[in-house]
Amino acid sequence: MTVKQKRVFSGIQPSGMLHIGNYLGAIQQWVAGQGEKVNFICIVDLHAITVPQEPAALRRQTRELAALLIAAGIDPQQTTLFVQSHVRAHAEGCWVLNCVTPLGWLERMTQYKLKAQKQESVLTGLLDYPILQAADILLYDTDEVPVGEDQKQHVELTRDIAQRFNGLYGETFVVPKPVIRESGARVMALNDPTAKMSKSDFSRGHAIRINDSPDEIRWALKRAVTDAIGSIGFSDEPARAGVNNLLQIYELFTGQSRAAIEAHFVGKGYGALKGDVTEVVVEALRPIRERYEQLNADPDELDRILAIGAAQARAVAEPKIREVMAKVGFVLPTA
Ligand code: AMP
Ligand code: TRP
């Protein structure tokens, strides 16, 4: 008997340059799972426009993100890498799921509340964002959704929506589960270790972007907030968040055990810690940055890769959306 390979689906917004939080919290996991599972990675441009975007910038960032993902190790031969708006079933699935989801389920989403606070006028699409995400996931009979901690609630909502649809119309959707890595789930801001490193914070020294130059990386790490305690060790204490964050970054980039890392830093000061973290980060990001620059110089090649990804995604999502439409009672178009 052959065991069905697990389906893995994740998405990422083409809004702003990726940082090492995205890389360590999400992309590294996606790369590691390639080959052994069936992977779909979606560049979610439909999600991006839930807050205002400049059209030319959105177009540029979509291609840049594709280039960066490939440079970071997403292999289009092993992973279906595609742009969400290229596959219509996502918008169609969102509509149908809108019509089985109570409004109250959306109003309590933490990310919605946080984002809505920051806007003067909130677009309807922002509230609907998690349902579009549910459509993304459910159209592919996804088993696992590898994401950072902040997305757990959306994946749980997706499970609720899948169960509700299955209850109303009969077994249709696989109920997916979130996969969240312990370490790396929350990479904190360098200039404020109480806040998550975020794409939308442009203050200098907040984040390390994946294509930052070595000088920029050095600058940011030199100024990273630490504490006045002086010893170097992993810790959950809020007062030690800065040092812990640097150690976690070191851990994830080197793959060394915590015990080995703590032993390495015994008797050393924060200057040495920052110096070693800098070296590790610069060396890990160097090949990614170089490959990114090559890919970015060839937009036709990128578009070709994305067209192949879209065709592969459609081959899965289209039969699924037809099944969904049939279940709710639509007359399916012939041909
Ligand atoms: P976003 O930057 O919100 O588009 O997120 C893209 C992916 O990166 C999602 O899976 C997030 O959970 C993950 N992510 C974003 N910021 C961080 C962070 N600071 N630490 C760990 N993972 C993150
Ligand atoms: N909301 C996710 C984020 O901000 C992006 C996303 C969209 C996603 N669709 C998805 C993640 C489907 C996982 C699965 O990070």
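Okay, so which helix or strand gives the most to the shell around ligand 2? It's α7, with 4 residues. Quick caveat before I go on: this is a predicted model.

Let's stay with that shell. There are 13 residues around ligand 2, and the ones that come nearest are G11, Y129, Q133, D136 and Q151. In terms of secondary structure, α7 runs over 124–138 and β1 over 7–12, and each of those supplies at least two residues of the shell. If you like to think in residue classes, the shell splits into 6 nonpolar, 6 polar and 1 charged.

Now the polar contacts, going through the side chains in turn. D136 has a polar side-chain atom 2.7 Å from a nitrogen atom of ligand 2. For Q133, a polar side-chain atom sits 2.9 Å from a ligand 2 nitrogen. And with Q151, an N or O atom of the side chain is 3.0 Å from a nitrogen of ligand 2. As for burial, ligand 2 taken alone exposes 360 Å², and the protein buries 90% of that. The space ligand 2 takes up is the largest pocket, by the way.

The structure has 14 of them, and the one I want to show you is D303 with R63, where the closest N and O atoms are 2.8 Å apart. D303 is in helix α13, residues 299–328, while R63 is in helix α3, residues 55–71, so this pair ties together parts that are 240 residues apart in sequence.

That's what I have, happy to chat.

Technical notes:
Residues numbered from 1 in each chain as written. Chains lettered and ligands numbered in written order. Predicted model: local features only at pLDDT ≥ 70, side-chain atom pairs only at ≥ 80, totals over all residues. Heavy atoms only, no water. Near = heavy atom within 4 Å. Polar contact = N/O pair within 3.5 Å; in protein donor to acceptor, adjacent residues only side chain to side chain. Areas by Shrake-Rupley, 256 points an atom, 1.4 Å probe, with all protein chains shown as cover. 1 Å grid on protein atoms, 1.4 Å probe; cavity = no way out; pocket = protein on both sides within 12 Å on 5 of 7 lines; lining within 4 Å. Sits in = over half its atoms within 2 Å of the grid points. Nonpolar A, V, L, I, M, F, W, Y, C, P; charged D, E, K, R; others polar. Salt bridge = Lys/Arg side-chain N within 4 Å of Asp/Glu carboxyl O.
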